Amino acid sequence: MSTENEGNYDLKQFSLIVFNCLFYVEQQITFSHLLLKPESRKKEIVCLTETLIEGVSKCNYELYAQLCDANMTCFEPESNGNLINGLQFHKFYFDNLFSSKHSTNTTIVNPSVHILGEDSACIAYVRLVQLIDKNGAPKTIQWEETRVWTKKSNKWKCVHFHRSAAKMQL
């Protein structure tokens with residue numbers, strides 16, 4: 001066995017990691033044993049964040065709750081500057097405001113991941129949400145977000161996030 005590529009992932013291994021990431025929640029599997037290098041762990045955090053955002057976009061509270069810690073904290077515009085603790089605040093929006101009949105497209109732009117240890121990471125990114133407004137016109141909303149992930153019982157959970165509306169550019 002050649003050691004020339006030791007520590008590097010070939011396309012087949014990378015495809016397996018991506019495939020596993022897409023089905024992470026449904027399968028309730030962990031694959032951290034495949035992700036020994038920091039770059040691979042960074043990709044895992046990006047994938048988990050994309051999956052969480054997909055849950056929000058599709059109004060899938062079950063998926064959202066599976067990826068978030070029950071005691072997750074957050075600052076977001078809806079909290080009016082207050083620190084929110086737990087998921088109940090978010091469940092209100094899933095139950096009452098989000099509508100699956102309105103399609104949206106969400107893109108994470110320029111994600112930057114900091115691996116803080118074997119079981120924690122932080123990701124910062126810009127989130128673009130494309131939608132059709134009440135007048136039928138296309139609109140894009142931009143958010144600046146940061147999420148903190150930690151591994152609990154060998155599964156990644158979002159334990160904190162901060163979301164701010166991007167400043168208008170002149």
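Cys59 sits in the loop that joins helix 3 to helix 4, where helices are DSSP runs of H or I with at least four residues and strands are runs of E with at least two, numbered from the N terminus. The model is a predicted one, in which local features need pLDDT of at least 70 and side-chain atom pairs count only at pLDDT 80 or more, while totals for chains, interfaces and linings use all residues. Residues are numbered from 1 along each chain as its sequence is written, and side-chain values use heavy atoms, with hydrogens and water left out.

Although Cys59 is not a glycine, its phi is positive, at about 55°. Cys59 is partly exposed, with a relative accessible area of 23% (buried means under 20%, exposed over 50% and partly exposed in between, with a 1.4 Å probe and protein chains only). A positive phi, near 50°, also occurs at Asn110, again a residue other than glycine. Asn110 belongs to strand 3 and, at 67% relative accessibility, is exposed.

Leaving aside residues up to four places away in sequence, Ile123 touches residues including Ile45, Val46, Thr49, Pro111, Val113 and Trp149, a contact being heavy atoms within 4.5 Å.
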